[in-house]
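Subject: Structure handover

Hello,

Here is the structure I said I would pass on. Please open it first, and then read the notes below with it on screen.

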Amino acid sequence: VLPSPEESVSNRFAQTDMQHALSHAVQELAAEDRLLVKLYYFDNLRLREAGAVLGVHEATASRRLTRVQTDLRKRVTKILVDERGWTQAETERSFAEVAQHLDTDLESLLSKEAADLR
């Protein structure tokens with residue numbers, strides 16, 4: 001079933017808002033946290049390997065990654081609610097729908113930051 005024209009426009013606005021919020025939230029992460037996300041999700045390193053790059057134990061890398069994921073979600077939600085006027089319910093509903101189709105090149109955001117650490 002194709003979305004109506006109104007739904008298509010609404011989805012594009014939601015996607016733009018989500019991209020903006022995610023980009024800002026990623027930029028606010030500590031450099032080491034951005035590197036961890038890049039190593040794990042985009043370079044496909046195991047937590048043990050990503051931890052070794054950062055000089056920490058696998059368990060520490062795992063805990064840090066979980067914290068980063070939680071922090072990103074909270075920060076994106078705060079930006080959407082406070083700056084874009086979304087409701088809490090809209091952010092929750094849209095996370096699953098919009099996040100799957102983001103055009104934001106997160107890898108390039110994270111790669112730039114990783115290069116700064118080297």
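The protein exposes about 7400 Å², and carbon and sulfur atoms supply 52% of that area. Please keep in mind that this is a predicted model. Of the 118 residues in the protein, 34% are buried.

Overall make-up

The secondary structure consists of six helices and zero strands. Read from the N terminus, the order of elements is α-α-α-α-α-α. Among the contacts with a separation of 6 or more, 66% are between residues 24 or more positions apart.

Helix H1

H1 covers residues 5-27, which is 23 residues. From its first C-alpha to its last it reaches 33 Å, close to the 33 Å expected at 1.5 Å a residue. Its buried residues include Ala-14, Met-18, Leu-22 and Val-26, and also Gln-15 and Asp-17.

Val-26 is worth a look, as it lies in helix H1. Val-26 has a relative accessible area of 3%, and because the cut-off for buried is under 20%, Val-26 counts as buried. Between Val-26 and Arg-75 there are 49 residues of separation in sequence, yet their C-alpha atoms are 9.1 Å apart in space.

Helix H4 and the helices packed on it

H4 (residues 58-82) has 25 residues and reaches 36 Å from first C-alpha to last, close to the 36 Å expected at 1.5 Å a residue. The buried residues of H4 are Ala-61, Arg-64, Leu-65, Val-68, Leu-72, Val-76, Thr-77, Ile-79 and Leu-80.

Two packed helices are described by the angle between their axes and the distance between the axes. The axes of H2 (residues 31-42) and H4 come within 10 Å and cross at roughly 105°. Angles of 65 to 115 degrees count as roughly perpendicular, so H2 is roughly perpendicular to H4. On the H2 side the contact is made by Glu-32, Asp-33, Leu-36, Val-37, Tyr-40 and Tyr-41. On the H4 side it is made by Ala-61, Arg-64, Leu-65, Arg-67, Val-68 and Gln-69.

H3 (residues 47-54) also packs with H4, at an angle of about 95° and with the axes 8 Å apart. H3 and H4 are therefore roughly perpendicular to each other. Here Leu-47, Arg-48, Gly-51 and Leu-54 of H3 meet Glu-58, Ala-61, Ser-62, Arg-64 and Leu-65 of H4.

The aromatic pair

How many aromatic pairs does a search of the whole structure find? It finds one. The rings are those of Tyr-40 and Tyr-41, with centres 4.9 Å apart and planes at 85°, so the pair is edge-to-face. Tyr-40 is partly exposed at 29% relative accessibility, and Tyr-41 is partly exposed at 40%.

Thr-91

Is Thr-91 buried or exposed? Thr-91 has a relative accessible area of 0%, so it is buried. Thr-91 sits in helix H5 (residues 88-99). Apart from neighbours within four places in sequence, Thr-91 is in contact with Thr-77, Leu-80, Val-81 and Trp-86. Thr-77 and Leu-80 are themselves listed among the buried residues of H4.

Regards

Technical notes. Residues numbered from 1 in each chain as written. Predicted model: local features only at pLDDT ≥ 70, side-chain atom pairs only at ≥ 80, totals over all residues. Heavy atoms only, no water. Helix = DSSP H or I, 4+ residues; strand = E, 2+ residues; numbered from the N terminus. Expected span 1.5 Å × (residues − 1). Buried < 20%, exposed > 50% of the residue type's maximum accessible area, 1.4 Å probe, protein only. Contact = heavy atoms within 4.5 Å. Areas by Shrake-Rupley, 256 points an atom, 1.4 Å probe, with all protein chains shown as cover. Phe/Tyr/Trp six-rings, centres within 6.5 Å; stacked < 30°, edge-to-face > 60°. Axes fitted to C-alpha atoms, helices over the stretch in contact; angles between N-to-C directions. Parallel < 35°, antiparallel > 145°, perpendicular 65-115°, else oblique.
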